[in-house]
Amino acid sequence: MTMRSPAGICPFSHANPSPSYREVCQFPFNWKTVEVATNATSGLFGGMNHAFFVPMSRAVEAMNWWRQRHDEMSFMMHVNTGCEYQDHSTWSMKSNNYREYNQSLEGLWCCKMGPPGCRCDMVIYRVAQTDRCLSASRVGLVLEQCHDTEKQWGSDSVWRETTYTTGFHQIETYDHGNPEAGGSPAGGGRCLAVSSCEPGAPVQLVSCVEGASSSLVSWAGLEGRFSLAGMPL
C-alpha cells in the first residue's frame with residue numbers, strides 16, 4: 001500500500017513472488033479484524049494468522065525450523081510461482097496437525113490461473129497532497145476519502161496491479177474481494193481502460209476480459225501517472 005514499509009514488513013503483497021528479494025519478512029495483519037475463521041473452508045486463511053515471505057535460499061531452513069518448533073500450532077508453506085490456485089493447494093505443504101478443509105481458493109486476490117511469473121500488488125492511488133483516492137463505485141470512477149492502511153484495507157479505493165506477462169498489465173478493482181475476479185475462470189472483474197490512444201481519452205471501467213484489448217493500463221510509479229502499454233496517459 002506504500003512505497004516504504006517498516007523494518008521487517010514485506011515491501012510487496014502476498015501475491016507478488018518477488019524472486020529477487022533476499023530477506024525474510026512479515027506480511028501486515030490486523031489481529032483486531034479477524035478473531036475466528038469466517039467459514040469452514042478457509043483453513044489458515046480465514047482466521048488469525050501470521051504470514052511470512054521466505055526466499056528460496058532459506059526455504060529448507062525455515063521448513064525444518066517450523067517442523068521442530070511449531071508445537072500445537074499448525075502451519076502451511078507454499079510456493080509463489082504466479083499460479084495461485086496450485087500454489088495454495090496441490091503445491092503446498094501442511095503440518096501433520098493441520099485440520100482437513102475443503103480449501104476454498106476463490107478468496108485469492110489475483111493470478112488465480114497464472115501464468116507462471118504472474119504477480120500483483122494491492123494498491124491505492126491518492127491524489128497528491130489530499131485525502132482523496134481513486135475509487136471504483138458501481139456507477140464508475142470517483143474520488144473518495146482515503147480510508148485504507150497497510151493493516152486494514154478493502155474499500156472501493158483498493159486496486160489490484162497485475163502483471164500477467166512482460167507486455168500484459170491490468171489495473172483491476174478489488175471490489176471487496178469479488179471471487180469471480182482476479183483472473184478467475186469465471187472471467188469477472190473490472191479494469192481501468194481507455195477507449196483509444198488519442199490524447200485526452202477518458203479513463204473508464206470495463207470488463208477485464210471483454211475489454212482486454214483496450215485495458216492495458218498500468219502505473220508508471222517513477223513518473224507518478226498511468227500509462228497505456230508503456231505510453232503515458
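Me: Contact means heavy atoms within 4.5 Å. Leaving aside neighbours within four places in sequence, which residues is Thr163 in contact with?

Reply: This is a predicted model, where local features need pLDDT of at least 70, side-chain atom pairs count only at pLDDT 80 or more, and totals for chains, interfaces and linings use all residues. Residues are numbered from 1 along each chain as its sequence is written, and side-chain values use heavy atoms, without hydrogens and water. With neighbours within four places set aside, the contacts of Thr163 are Gly117, Cys118, Arg119, Phe168 and His169.

Me: Which residue's side chain does Thr163 join through a polar contact of 3.1 Å?

Reply: Let's start with where Thr163 sits: in strand β8, residues 159-165. Its list of contacts includes Phe168 and His169. The side-chain partner in the polar contact of 3.1 Å is His169.

Me: Does Thr163 count as buried or exposed?

Reply: Buried means under 20% relative accessible area, exposed over 50%, and partly exposed in between (1.4 Å probe, protein chains only). Thr163 has 13% relative accessibility, so this residue counts as buried.

Me: Where is Ile124 found, and what distance separates its C-alpha atom from that of Glu161?

Reply: Ile124 is in the loop between β5 (119-123) and β6 (132-137). At 16% relative accessibility, Ile124 counts as buried. Ile124 and Glu161 are 37 residues apart along the chain, and their C-alpha atoms are separated by 9.7 Å.

Conventions
Helix = DSSP H or I, 4+ residues; strand = E, 2+ residues; numbered from the N terminus. Polar contact = N/O pair within 3.5 Å; in protein donor to acceptor, adjacent residues only side chain to side chain.
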